[in-house]
Amino acid sequence: MCELKHIDLKNWAVPNLIVCAVICSSPSQASQLNATHVKKAAAPLSSQQAASAVAELRHRNLALPLASFDIERAKDSYSELRNGQSHEALDMLAPRNTPVLAVEDGDIAKLFESKLGGATIYQYDPTHRYVYYYAHLEKYADNLKDGQKVKRGEVLGYVGTSGNAPKNTPHLHFSISLVDADKRWWQTAPINPYLVFKKY
Ligand SMILES: [Zn+2]
């Protein structure tokens, strides 16, 4: 199982989340990646909780973050190991600079540059119970900023290879997480986006 990790610095922690591997740090103190106090993120969901979350999100009919992406031909890589960690995301191949769209109304929790994810976006859903994560972006949409309200289908950024994405394989790394009880966007339990988007 993957363990999302964050580094607790004086009881204040913000992760340098994910992407094809998992690592966390404080964005303002990234140099302290080797700090000693490493804790687990939110506990993984039970299979029943995960199924319930998937059902709830399927009911919302989320937009695909890439308009022309064919989910039926996509590979479910959620459980694959990447660098020894569970992937817990969906990789969506697309040409560089393909627009990346908000999957639902909500607001921007954080624009975050990380070593692995590159240019990333954390977006809350309207209830602030879920976080949508978009990574490896080439760039953000103009004027996008933390706290900004966004609409389903709105362009948030563009597909790229920032972070640890192979430079010849532009793709969007997209994940969905259930936020912990304190609604902290960095303390989340993953949900398989492939199951949310897949048609049955
Ligand atoms: Zn990925």
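Which residue stands opposite S175 in β12? Y133 does. I'll come back to that pair after some background.

This is a predicted model: local features need pLDDT of at least 70, side-chain atom pairs count only at pLDDT 80 or more, and totals for chains, interfaces and linings use all residues. Numbering starts from 1 along each chain, as its sequence is written.

Overview first. The chain has two helices and 13 strands. Those are DSSP runs numbered from the N terminus: H or I with at least four residues for helices, E with at least two for strands. Of the 200 residues, 43% are buried. Buried means 20 or more other C-beta atoms within 10 Å of the residue's own; exposed means 12 or fewer; partly exposed is in between; C-beta atoms are placed from the backbone.

Now contacts. Two residues are in contact if their C-beta atoms, placed from the backbone, lie within 7 Å. Take the contacts with a separation of 6 or more: 64% of them join residues 24 or more positions apart.

On to β12, residues 171-179. Nine of its nine residues are buried. H171, H173, S175, S177 and V179 point one way. L172, F174, I176 and L178 point the other way.

Who pairs with β12? Pairing here takes at least two DSSP bridges between two strands. β5, residues 90-93, is antiparallel to β12 over four bridges. There, M92 has L172 as its bridge partner. β9, residues 130-140, also runs antiparallel to β12, joined by six bridges. That brings back our opening pair, Y133 opposite S175. Then β13, residues 188-191: four bridges, antiparallel again. I176 partners I191 in that strand.

Next, the core. A nonpolar core is a set of buried Ala, Val, Leu, Ile, Met, Phe, Trp, Tyr and Cys residues joined through C-beta atoms within 7 Å. The largest one has 38 residues, and V100, V131 and Y134 have the most contacts inside it. β9 gives the most to this core, with eight residues. In soluble globular proteins, nonpolar side chains tend to be buried together.

Look at V131. Beyond four places in sequence, V131 touches residues including S177 and V179. Also among them are A109, Y122 and W185.

Last stop, I121, in strand β8, residues 118-124. Why does I121 count as buried? Because it has 26 C-beta neighbours inside 10 Å. Setting aside neighbours within four places, I121 is in contact with I108, L111, Y134, L156 and G157. And D146 sits 25 residues from I121 along the chain, with 9.2 Å between their C-alpha atoms.
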